Amino acid sequence: MNNAFFESYRKELPITQKYIYLDHAGVAPVSARVKTAIELFLAESAEGGAFYYPKWAEQIVRIRRTCARLINAGVDELAFVKSTSHGLSIVAEGLDWKPGDNLLIYEKEFPSNIYPWLNLKRKDVEVKFVPSRDGRIMLEDIERLIDSRTRLFAVSSVQFSNGFRIDLERAGELCKKKGVLFCVDAIQSLGVIPMDVKKCRIDFLSADAHKWLLGPEGIGVFFCRRELSGRIAPPLVGWKCVQNEFDFDRPDFCLKTDALRFEEGSMNLMGIIGLGAAVELLVEVGLKNIQDRVLGLGDAIIREAEERGYAILTPKAREERGGNITIAGAFDPHGMRDFLRDKGTMVNVRGGGLRVSPHFYNTEAELMTFFDQVEQLIHAR
């Protein structure tokens, strides 16, 4: 796709009228479609309340189907959750761990993919850390750490600090061969890197909407492979967990057998409707198109940074990175981040450098403005 195609969508992102936004690995802006969808829901709720419930219920069914297609999952394998941490905690607290079991996580993971697992130490479950090798996760290290008591490997599809992207397909094959469950935190890739849970042999996946999906914060998706739903005891239980959820007068504690057993109570309708609008926009643009565009912008960041003598803390090969690029130079990254925000450019600091994470609607001209602003502060000193 040419630049004109992507730039035609800039009108969908009102933030472009005032700011240069390069922090989609943090908290991303929502699109005009999300804003419109949520405003319509609020208007309907204010003017009609539960009279609109049948319409909202139909929307939820459609949005669940769209989100399932996004990751090549079945509709019955996808639950709506409030955060990535929520989905990961369902797995951590729901599996039938035995004392002496162990699991593997990467030593430099984001805390959302550390604390739910460390919390299992109270059940005498051992957490083994896969070492970082020059900012990468090596499959041989994973294989070396797996033993007869290893139950699960949990990893982020793309690392938050330096943008390293693990080969999910090879990791999934390894887990399958070793009889280890495979759990993926996909928040740093879903919406920019195509995801196929079947091809990658993923057992569990969780991702919030507020980064690359360009959706609202506080709503996300949780995938549980169909064959495993019955093995996960819901850590939270409520009226919607059971098969006869609307038979309020005759309680019957018979849990649903699919991923919907993890939706314990009244749903975040406003968040789900916003998520649906966000995903519809990305599907319209095309996930493969978005991936090519974002990786191309990453190429431009790496090229321009190297020409200026900055260090690249992210793997340069396209197949080893997602959308976030971390750079370092003769500047204090925290001071530079604050200076850039004063200039109307949003970036962040992670992994000891300045993290730059453009989305498909950003332009190379914006990247050049970003670099000009960086140079402005460096030369001012």
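Visitor: Where do Asp 292 and Lys 288 lie, and how many residues apart are they?

Guide: Both are in helix H9, four residues apart, which is about one turn of the helix. A helix here is a DSSP run of H or I with at least four residues, a strand is a run of E with at least two, and both are numbered from the N terminus. An α-helix has 3.6 residues a turn, so residues three or four places apart point the same way.

Guide: A word on the ground rules. This is a predicted model, where local features need pLDDT of at least 70 and side-chain atom pairs count only at pLDDT 80 or more, while totals for chains, interfaces and linings use all residues. Residues are numbered from 1 along each chain as its sequence is written, and side-chain values use heavy atoms, with hydrogens and water left out.

Visitor: What makes the meeting of Asp 292 and Lys 288 a salt bridge?

Guide: The term needs a side-chain nitrogen of Lys or Arg within 4 Å of a carboxyl oxygen of Asp or Glu. Here N to O is 2.9 Å, so the pair passes. By this rule the count comes to 36 salt bridges.

Visitor: Why is Asp 292 called partly exposed?

Guide: Buried means under 20% relative accessible area, exposed means over 50%, and partly exposed is in between, with a 1.4 Å probe and protein chains only. Asp 292 has 33%, so it is partly exposed. Lys 288 gets that label too, at 49%.

Visitor: How do you know that Arg 303 and Glu 364 form a salt bridge?

Guide: Their closest N and O atoms are 3.7 Å apart, and the pair is listed as a salt bridge. Arg 303 is partly exposed at 36%, and so is Glu 364 at 44%.

Visitor: Which residues do salt bridges with shared partners join into one network?

Guide: Asp 96, Lys 98, Asp 101, Arg 149 and Arg 151. Within that group, the side chains of Asp 96 and Arg 151 meet at 3.0 Å, N to O. Asp 96 sits in the loop between helix H4 (84-94) and strand S3 (102-106) and Arg 151 in strand S5 (residues 150-156), so the pair ties together parts 55 residues apart in sequence. Asp 96 is partly exposed at 40%, whereas Arg 151 counts as buried at 17%.

Visitor: How do you know that the length of H11 agrees with what it should span?

Guide: The expected span is 1.5 Å times one less than the number of residues. H11 (residues 364-380) has 17 residues and should span 24 Å; its end C-alpha atoms are 24 Å apart, so that agrees. H3 (residues 53-70), with 18 residues, should span 26 Å, and its ends are 25 Å apart, which also agrees.

Visitor: What covers the buried residues of H11?

Guide: The cover includes helix H9 (287-307), helix H10 (333-342) and strand S13 (353-356). Among the buried residues of H11 are Leu 367, Phe 370 and Phe 371.

Visitor: What makes Arg 321 buried?

Guide: Its relative accessible area is 0%, so it is buried. Arg 321 is in the loop between strand S9 (311-312) and strand S10 (325-328). Contact means heavy atoms within 4.5 Å, and its contacts beyond four places in sequence include Asp 299 and Ile 302. Its side chain also reaches the backbone oxygen of Lys 316 at 3.1 Å.

Visitor: Why is Phe 248 called exposed?

Guide: Phe 248 has 56% relative accessible area, so it is exposed. It is found in the loop between strand S8 (220-224) and helix H8 (269-285).

Visitor: What makes the phi of Asp 134 and Arg 201 worth a look?

Guide: Most residues other than glycine have a negative phi. Asp 134 has a positive phi of about 55 degrees, and Arg 201 is near 55 degrees. Asp 134 counts as exposed at 69%, while Arg 201 is partly exposed at 42%. Just after H3, Asn 72 takes a positive phi of about 60 degrees.

Terms used
A polar contact is a pair of N or O atoms within 3.5 Å; within protein, one must be able to donate a hydrogen and the other to accept it, and residues adjacent in sequence count only if both atoms are side-chain atoms.
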